[in-house]
Amino acid sequence: MADRRDIERLADDILLLIRTNEIQSFSRKSLAEECSAKPSDISKALDQIEQWNYQIERDDDGRTVRFLSAPDSLTATEISYKLQTEVLGRQIFSYQSVKSTNEIAMRMAENGAVEGTIVTAEEQTSGRGRLGREWHSPRGVGIYLSIILRPLFPPDKAPGISLVAALALADVISLYLPNMVKIKWPNDVLINGRKTAGILTELAADKDRIEHLIVGVGINVNQEMNDFPSELRPRATSIREALRNNNLIGDQTDSTGDRVRLLQQFLAAFENEYLQYKKTSLESSLPRIRSYSSLIGRQVRLMSANEQIEGKAVDINLNGALEVEIDGRLTSFSSGEVTVLSAGQT
Ligand code: BT5
């Protein structure tokens with residue numbers, strides 16, 4: 001008699017078989033043969049597949065089976081299916097509810113997890129932003145992802161990674177919402193001026209060597225406005241809201257943002273940017289980062305660890321620092337919190 005783990009493994013095998021041959025119906029007999037299993041276990045495995053919220057077509061007497069659709073769940077099976085990356089997602093750990101995926105990834109990295117390991121969750125109860133702030137992470141509607149990297153470059157090159165991740169994200173979101181996406185240096189992605197995604201890069205390093213680097217990415221995908229706490233509503237949005245506000249979907253669509261696909265697209269885009277960044281820093285990506293920038297050319301107030309300045313943001317340099325003209329002199333900042341002072345975006 002097969003135990004639960006055996007049934008789950010069989011369900012995985014069947015799933016792979018029927019979804020890679022989506023147009024085909026399979027008889028239970030052929031599934032049993034293909035998977036070297038007993039027909040009675042096939043029924044249990046099909047029940048399991050349905051419990052995982054996959055849609056399958058089982059004819060009346062349950063003799064034939066066909067794959068219909070996968071749930072929009074951030075499971076390792078879904079994320080890895082047809083994932084087009086070499087490194088990112090080599091190991092995938094998917095959770096239902098965690099305090100913070102960055103916290104888990106940091107612990108895994110300390111215990112030797114390989115570069116490219118990713119951690120995802122359907123919900124975070126203490127999602128982290130920068131400087132002790134919170135990332136609102138309601139269940140099932142967003143992407144909460146942490147990526148473990150082990151680059152050989154020196155620690156002072158780490159801050160640029162947030163920008164590179166923001167660039168990958170801006171490119172991917174722009175596939176759905178062309179010309180509406182901006183990057184607010186150093187780590188925010190905005191749609192029509194509202195924050196849609198944030199990046200938190202955390203680092204374990206000594207003076208000249210990075211031990212590991214955790215890139216944490218939170219993306220608002222399917223949130224309705226009511227899903228945001230009231231204080232965030234004026235400043236936040238989700239991809240779904242933006243699509244609807246721009247008449248790119250109807251009100252009735254119930255599953256607009258395919259989170260799995262978006263996550264896979266982001267991982268592929270970020271992998272390319274990361275490999276490029278390791279080779280040439282921001283050299284090749286800077287023109288695109290500049291063109292997405294919501295700050296360049298604007299009068300800004302910047303708060304960094306020990307000062308507050310006002311000036312005109314004129315550029316982002318090769319290290320990813322923001323160059324601000326203050327009383328006719330250029331100063332560059334590698335981190336900080338920026339408010340736009342001139343009319344328009346915040
Ligand atoms: C960030 O910080 O934007 C980085 C967010 C990183 C979140 C990811 S989720 C996966 C991984 N695991 C974690 O624990 N964290 C990472 P910061 O720039 O400090 O922005 C935080 C501010 O954004 C908050 O103080 C709010 O004002 C606002 N905010 C919080 N949740 C938001 C949301 N869901 N959408 C838009 N804005 C939000």
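Visitor: How many aromatic pairs does the count come to?

Guide: The count comes to 4 aromatic pairs. Keep in mind that this is a predicted model.

Visitor: Why is the pair of Y54 and F67 called tilted?

Guide: Two values settle that kind of question: a pair of aromatic rings is described by the distance of the centres and the angle of the planes. Here the centres of Y54 and F67 are 6.5 Å apart. The limit for pairing is within 6.5 Å. The planes stand at 50°. Stacked needs under 30 degrees, and edge-to-face needs over 60.

Visitor: Is Y54 buried or exposed?

Guide: Buried means under 20% relative accessible area. Y54 has 6%, so Y54 is buried.

Visitor: And why does F67 count as buried?

Guide: The same cut-off applies, under 20%. F67 has 4% relative accessibility, so F67 counts as buried.

Visitor: Which residues do ring pairs link into a cluster?

Guide: F266, F270 and Y274.

Visitor: How do you know that the charged end of R19 sits over the ring of Y81?

Guide: The charge must be within 6 Å of the ring centre and within 35 degrees of the ring normal. The charged end of R19 is 3.8 Å from the centre of the Y81 ring, and it sits over that ring. K157 does likewise with Y277, at 5.0 Å from the ring centre.

Visitor: Which residues have the most contacts inside the largest nonpolar core?

Guide: I147, V215, F266, L267 and F270. That core has 67 residues. Helix α6, residues 160–176, gives the largest share, 11 residues. Another core lies apart from it, with 21 residues, among them L10, A11, A37 and Y54.

Visitor: What does I147 touch?

Guide: Leaving out residues up to four places away in sequence, its contacts include L88, T117, V215, F266, L267 and F270.

Visitor: How many helices and strands are in the chain?

Guide: There are 9 helices and 15 strands.

Visitor: Why is the chain called as compact as a globular protein of that length?

Guide: Its radius of gyration is 23 Å. For 346 residues the globule rule gives 20 Å. The two values are close, so the chain is as compact as a globular protein of that length. Buried residues make up 51% of the 346 residues.

Key. Residues numbered from 1 in each chain as written. Predicted model: local features only at pLDDT ≥ 70, side-chain atom pairs only at ≥ 80, totals over all residues. Heavy atoms only, no water. Phe/Tyr/Trp six-rings, centres within 6.5 Å; stacked < 30°, edge-to-face > 60°. Buried < 20%, exposed > 50% of the residue type's maximum accessible area, 1.4 Å probe, protein only. Helix = DSSP H or I, 4+ residues; strand = E, 2+ residues; numbered from the N terminus. Rg over C-alpha atoms; globule rule 2.2 N^0.38 Å. Core = buried A, V, L, I, M, F, W, Y, C linked by side-chain atoms within 4.5 Å. Contact = heavy atoms within 4.5 Å.
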